Amino acid sequence: MPKTQDMQPEYGVRARELGPTDAGKALLLGLLLPSLIAAVLVIPDSWRRPFNTLGLPMVAIYLTRVKGLGLKKTFYLSRTWDPEFGWLALFSAGIMSLEALLANVVNWLTKGGLAKWAELLPIEHRPESLFVDLLITAVLVPITEELMFRGFMLSAFSGWGRGWAVIFPSILFAVVHLPLTMPGAFALGVVAAIAVLRYRSLVPAVVMHAVGNFLLVLTSQLIGLLEQPWCHVLGVGGLTAVAVLVFVFRRKFMWLWQEFRCLWQEFAEKPQLGLRFRELIKQWPWILLFIFIMINLVLIIVVPFIEV
């Protein structure tokens, strides 16, 4: 009898580990449930964005508790600080700056066509107040999204290796963003995940996300509020300065590129890549999630052109 009792907890722990199915459930329910609840309760547009944002970590926390797992280990909730976080924050700001600058160049080449197309996209209501916008976009969103993508999903896919744990959640993180921001979201997701694994803490990921979002919101809000040509030039100049600064200190970030190459090779390794995807599409959360993502992408890309 003592041997049987000793073995039971070990078996229970193994059975309760997170896996890809849990990641699919969390992301699917986290994306759909808040929108449905908001529609039923007729929540005002001004409150829908923070309400929807909170849905992601709430579902993930619930599933973690159901499994009987600790939140600290699952979400990498270790209070860690390192001077390198400052360099990571600069790199994040550089990614966002480059993304914004490229959008400005494309908009100039298309004679404002990109801006007109972006206006037709189904973007969530954003508050007019700069303080409220910063509070939501640079504080709430980084915390909630990092808890899901670099916390819960990183843990859920860790059984498939570091490559899958970093790359696949970053791809999903990108596709739930608007088309204009997908490349930057993917790059940010990869670097944030690498940082979480290196420091075993979610802190650097939240800091990077918050700094990047803060920069974009501050620039876009100031340009929009003042509506002066010199302000636009100042905003573009500031973004350019950040991108140049990252280039100047590029040697500080070479290790990130090396890590990415190794992780991508591990993720794209054949035939493992095909086998993993076939395993995912056999699970109902991922089937529904892939359908939802495809429909969402089609609506985002096609509908504006139809309306035009």
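This is a predicted model: local features need pLDDT of at least 70, side-chain atom pairs count only at pLDDT 80 or more; totals for chains, interfaces and linings use all residues.
Helices here are DSSP runs of H or I with at least four residues, strands are DSSP runs of E with at least two, and both are numbered from the N terminus. With that in hand, let us walk through the structure. Residues are numbered from 1 along each chain as its sequence is written.

Look at L29, where α2 bends by about 25°. The bend at a residue is the angle between axes fitted to the seven residues ending there and the seven starting there. Several residues of α2 are buried, including P20, D22, L27, L28, G30 and P34. Buried means under 20% relative accessible area, exposed means over 50%, and partly exposed is in between, using a 1.4 Å probe and protein chains only. Just after α2 comes V42, with a positive phi of about 55°.

Next is helix α3, residues 45-66. Its 22 residues should span 32 Å at 1.5 Å a residue, and its end C-alpha atoms are 32 Å apart, which agrees. Where does α3 have its kink? The kink, of about 25°, lies at G55, shortly before the proline P57. Both G55 and P57 are among the buried residues of α3, as are R49, N52 and T53. The buried residues of this helix pack against α2, α4 (71-74) and α7 (130-156), where contact means heavy atoms within 4.5 Å. Just after α3, G68 takes a positive phi of about 80°.

Now move along to helix α5, residues 84-109, and find S97. Is S97 buried or exposed? S97 is buried, because its relative accessible area is 0%. Leaving aside neighbours within four places in sequence, S97 is in contact with L215, L239, V242 and A243. The C-alpha atoms of S97 and L239 are separated by 4.9 Å, although these residues are 142 residues apart along the chain. The side chain of S97 also reaches the backbone oxygen of A93 at 2.7 Å. That is a polar contact: a pair of N or O atoms within 3.5 Å, where within protein one must be able to donate a hydrogen and the other to accept it, and residues adjacent in sequence count only if both atoms are side-chain atoms.

V246 sits in helix α11, residues 229-248, and counts as buried because its relative accessible area is 12%. Not counting residues up to four places away in sequence, V246 touches L90, F91, G94 and F253. Its C-alpha atom is separated by 9.3 Å from that of S92, 154 residues away along the chain. N213, in helix α10 (residues 203-226), is buried at 11% relative accessible area. With residues up to four places away again left out, N213 touches M96, T137, A138, V141 and P142.

Finally, turn to the rings. A search of the whole structure finds 22 aromatic pairs; rings of Phe, Tyr and Trp (its six-membered ring) pair if their centres lie within 6.5 Å, and planes under 30 degrees apart count as stacked, over 60 as edge-to-face and the rest as tilted. The rings of W87 and F249 have centres 5.1 Å apart and planes at 55°, so the pair is tilted. W87 lies in α5 and F249 in the loop between α11 and α12 (254-267), so the pair ties together parts that are 162 residues apart in sequence. Another pair, F186 and F260, is edge-to-face, at 6.4 Å centre to centre and 80° between the planes. Because F186 lies in helix α9 (residues 182-199) and F260 in helix α12, this pair ties together parts 74 residues apart in sequence. F186 and F260 also belong to one aromatic cluster, whose members include W160, W264 and F290.

Terms used: Side-chain values use heavy atoms; hydrogens and water are left out. The expected span of a helix is 1.5 Å times one less than its number of residues.
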